[in-house]
Amino acid sequence: MVGITIDEALCKRDGLCVAICPLQLILPADDGGVPAPGPEFSRWCIRCGHCVAICPTGALRHFRMGPEQCPEIDSKTGPGPEEIAALLRRRRSVRRFKAAVPERGVLEQLVGLAGYAPSGHNLKSLKWMIFTGRKSLDRFVDRACDWMKAELERNPTSPQAPLLRKVTAAWAAGDDLILHRAPVLMLVHGPTKTGSETSDAALALAYFDLASSGHGLGCCWAGLLEMAIRSWKPLQELVALPEGHKLRGAMVAGYPRYEFRRIPWRSTPKIEWR
């Protein structure tokens, strides 16, 4: 049963849970009582947990989570503007990796953090596939290059043709410009439910990317492979997504071979104030 329960002894009757509910599904208290789920709660609740997170006394329990599962936030210990800015500015795309494969527990922890990324209607419908080891990843590069060669035969004067020639020539010479000889490949996939799945995947992968630096890892988006998987049946057969699922994003990860010493300059985005 989808619903909430409120401990009357702990509830302060402050109305915070009523105010914070995204779809206004919690009704205010009457005659000194406590708030209660409305008649549409079971149908529309998106299980975000905001009603639990906002309660200062831990009086409210959602059917999916209780206050004991939701750590308290200490606003005094969080990173300040300078620390957050430093994390974002220091993030680099890593394209040269050490051969060592990160421990599975570290990858699982990072995927868990990626689960905190926003998603449409909080559905969390994305799934992850993780491939490790160069023997496994080289199969993807081989088939991606097969797709590129087929594209060059089909349309040798396309705007992408110079890049495809460069990438396939590099692979023939032993250099991987698709997955960058990374030891880990992650594919995020899922069914279409809200229309926001591509954005959901990008946010989840960005969370993984940013959090990975805390474990000494680096990441790079695998856009060329993503294009190839969407277009080339042999790659689709290799991935073998569940029926009804689509690829939503691809990224490689591993330990950086080199350490950046400076933050490169970036132009300031233009803003049109309206």
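Leaving aside neighbours within four places in sequence, L205 touches W128, V188, W221, G249, A250 and M251. L205 sits in helix α8. This is a predicted model.

**Around L205**

- L205 is buried, because its relative accessible area is 0%, and buried means under 20%.
- Its contacts include W128, V188 and W221.
- G249, A250 and M251 are also among the contacts of L205.
- G244 is 39 residues from L205 along the chain, and the C-alpha atoms of the two are 21 Å apart.

**The largest pocket**

- The largest pocket has a volume of about 1,100 Å³.
- Its lining is made up of 28 residues.
- Nearest its centre lie C48, G49, A53, M65 and C70.
- Helix α3, residues 50–54, gives the largest share of this lining, with 3 residues.
- By class, the lining of the largest pocket holds 15 nonpolar, 9 polar and 4 charged residues.

**The second largest pocket**

- The volume of the second largest pocket is about 570 Å³.
- It is lined by 22 residues, and R90, R91, R92, S213 and F260 are the closest to its centre.
- At least two lining residues come from each of α4 (81–90), α8 (197–212) and β7 (218–221).
- The largest share of the lining of the second largest pocket, 4 residues, is supplied by α4.
- Its lining divides into 10 nonpolar, 4 polar and 8 charged residues.

**Cysteines**

- How many disulfides does a search of the whole structure find? The search finds 0.
- A disulfide is a covalent bond between the sulfur atoms of two cysteines.
- C17 counts as buried, because its relative accessibility is 10% and the cut-off for buried is under 20%.
- C70 is in no disulfide either, and the nearest cysteine sulfur, in C51, is 9.0 Å away.
- C70 counts as partly exposed, at 24% relative accessibility.

**Helix α9**

- Which residues of helix α9 (residues 223–231) are buried? They are L224, L225, E226, A228 and I229.
- Helices α6 (134–154), α7 (161–172) and α10 (233–239) are among the elements that cover these buried residues.
- Strands β6 (184–190) and β8 (246–254) also belong to that cover.

**Positive phi angles**

- Most residues other than glycine have a negative phi.
- H121 is not a glycine, yet it has a positive phi of about 60°.
- H121 is found in the loop between α5 (104–114) and β5 (127–132).
- Is H121 buried or exposed? H121 is exposed, because its relative accessible area is 55%, and exposed means over 50%.
- A240 is not a glycine, and its phi is positive, at about 55°.
- A240 lies in the loop between α10 and β8.

Note on methods
Residues are numbered from 1 along each chain as its sequence is written. This is a predicted model: local features need pLDDT of at least 70, side-chain atom pairs count only at pLDDT 80 or more; totals for chains, interfaces and linings use all residues. Side-chain values use heavy atoms; hydrogens and water are left out. On a 1 Å grid over the protein atoms alone, a cavity is a set of points where a 1.4 Å probe fits but cannot get out, and a pocket is an open set with protein on both sides within 12 Å along at least five of seven lines; lining residues have an atom within 4 Å of a point. Grid points are joined across faces, edges and corners, and a volume is the space filled by probe spheres set on the points. Ala, Val, Leu, Ile, Met, Phe, Trp, Tyr, Cys and Pro count as nonpolar, Asp, Glu, Lys and Arg as charged, and the others, Gly among them, as polar. A disulfide is a pair of cysteine sulfur atoms within 2.5 Å. Buried means under 20% relative accessible area, exposed over 50%, partly exposed in between (1.4 Å probe, protein chains only). Contact means heavy atoms within 4.5 Å.
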